[in-house]
Amino acid sequence: MTVPLDLHSREFQEDPAPTLAWLRDHDPVHRSHYGYWLLTRYDDVAAAFRDPRLSSEWSKKGSLPGMPARTAPDATDPFTRAQQVVLHSFNMKDPPAHTRIRQLVQQAFTRAAVDEQRPRITQLVDELLDAGLAAGSLDVVTELAFPLTITIASEMLGIPSDARDEFRASFEATERLGDPTATTEQRMVGREALVWQLAFIADVVEQRRRQPQADLVTALVQAEEHGETLTNDEILAALLTLYTAGGTTTERMVSSGILLLLQHPEQLALLRAQPELLGSAVTEILRFHHPNQQTSTARLALEPIELRGKVIEAGHTVRLGTGAANRDPERWPEPDHFVITRPELVSLSFGQGIHYCIGAPLARLQTQIAIGRLLERCATLRLAGEVRHDPRRMDRYERIQVIVSEQ
Ligand code: HEM
């Protein structure tokens with residue numbers, strides 16, 4: 001079997017599962033020709049999430065032996081300044097800074113706090129479905145998943161949702177900043193988008209300093225004012241991370257979950273017949289969701305790490321292939337089958353350890369309500385025409401048009 005080992009090639013993007021399966025079997029600690037390492041076995045990825053030798057704090061790279069020393073950033077360049085702010089995000093920190101900031105943010109995302117959102121999420125889903133049912137069709141991406149998840153993220157954080165379309169475009173642009181195949185022009189657009197995002201959020205923070213409200217922006221500002229536990233940059237970075245995560249990942253999960261059910265009519269019929277399976281259906285969607293998630297989570301090796309006969313040198317980047325690990329046959333029988341009745345086994349979709357996804361309860365709740373209400377209210381539900389996705393990323397859906405009706 002020949003395997004396309006360029007993990008950014010179109011061929012790989014279109015069907016990553018065979019390549020990832022080959023890597024899992026033959027080269028589970030793979031050094032890509034872009035220089036980073038990719039782990040694909042469940043046990044290795046799970047252990048890597050919990051390994052303190054693998055850091056989330058990229059700013060430590062310059063101080064590692066053998067790494068080029070960091071040059072002082074140009075403080076006059078808006079993009080460099082924005083990049084510096086982003087490095088203060090708690091997902092890019094190790095303890096103790098990570099622990100200090102996460103504790104403050106966590107309060108807004110406890111299971112109980114998220115459960116309070118249940119009526120609002122249900123109301124919003126119902127309004128979006130009302131519009132779809134009146135029209136007889138619905139684009140699951142732009143008329144259900146996106147408006148739902150961005151509105152809830154906006155309301156919980158306190159970021160006005162009137163710029164949500166600009167944010168959506170800017171999320172896509174900034175994602176390209178971490179893509180080694182991006183063109184110079186795409187990088188420029190990504191740079192401008194990041195500067196714009198931070199300026200927007202900085203404005204909101206300033207407004208809340210003047211006029212406090214019942215939202216997370218205000219809670220973080222007040223924590224800073226009272227205990228000096230957070231700097232302004234840490235607040236901006238935390239809010240940007242939360243808004244980006246809240247506005248992109250769950251949208252993709254809701255969209256791909258509905259698509260997966262439509263592509264597996266027997267599973268859809270089973271879920272309709274046994275709605276109590278909704279929780280395990282969402283767990284399976286999280287596991288099965290397009291396997292091309294290998295680029296999402298990365299770590300910096302702080303010291304040499306020996307794994308399966310290879311040595312990952314200090315300063316190297318390690319990508320945690322959650323999508324590949326989620327289909328490891330050692331963990332799940334017939335992993336390439338979408339089966340909503342699997343006994344619950346924890347997938348790695350939300351990570352593990354200290355950086356475990358803070359939005360996991362919210363993401364699960366939104367996905368459950370969106371799919372649950374869609375099935376309850378739409379006796380007819382079928383794909384209308386082709387599914388459109390980002391030509392570069394098959395897991396980024398742009399349009400999933402469905403025919404819906406109450407009968
Ligand atoms: C289905 C949707 C989602 C998926 C698949 C997902 C996935 C993940 C993963 C894999 C991590 C671990 C990253 C790492 O270890 O470096 C993570 C962390 C995180 N997620 Fe999510 N996420 C989702 C939804 C959300 C939502 C809705 C929010 C917030 C509104 C959110 C906020 C965060 C934050 C802030 C972190 C960093 C936590 C830390 O470093 O302590 N996520 N997420």
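Leaving aside neighbours within four places in sequence, Ser 56 is in contact (heavy atoms within 4.5 Å) with Asn 91, Met 92, Lys 93, Asp 94, Arg 299 and His 355. The model is predicted: local features need pLDDT of at least 70 and side-chain atom pairs count only at pLDDT 80 or more, while totals for chains, interfaces and linings use all residues. Residues are numbered from 1 along each chain as its sequence is written, and side-chain values use heavy atoms, with hydrogens and water left out.

Ser 56 is placed in the loop between β3 (54-55) and α4 (78-86); helices (H or I, at least four residues) and strands (E, at least two) are DSSP runs numbered from the N terminus. With a relative accessible area of 3%, Ser 56 is buried, a term for values under 20% (1.4 Å probe, protein chains only).

The side chain of Ser 56 forms polar contacts with those of Arg 299, at 3.5 Å, and His 355, at 3.2 Å. A polar contact is a pair of N or O atoms within 3.5 Å; within protein, one must be able to donate a hydrogen and the other to accept it, and residues adjacent in sequence count only if both atoms are side-chain atoms.

Distances from a side-chain N or O atom to a ligand oxygen atom follow.

| Residue | Distance to ligand oxygen |
|---|---|
| His 98 | 2.6 Å |
| Arg 102 | 2.7 Å |
| Arg 299 | 2.8 Å |

Terms used
Buried means under 20% relative accessible area, exposed over 50%, partly exposed in between (1.4 Å probe, protein chains only).
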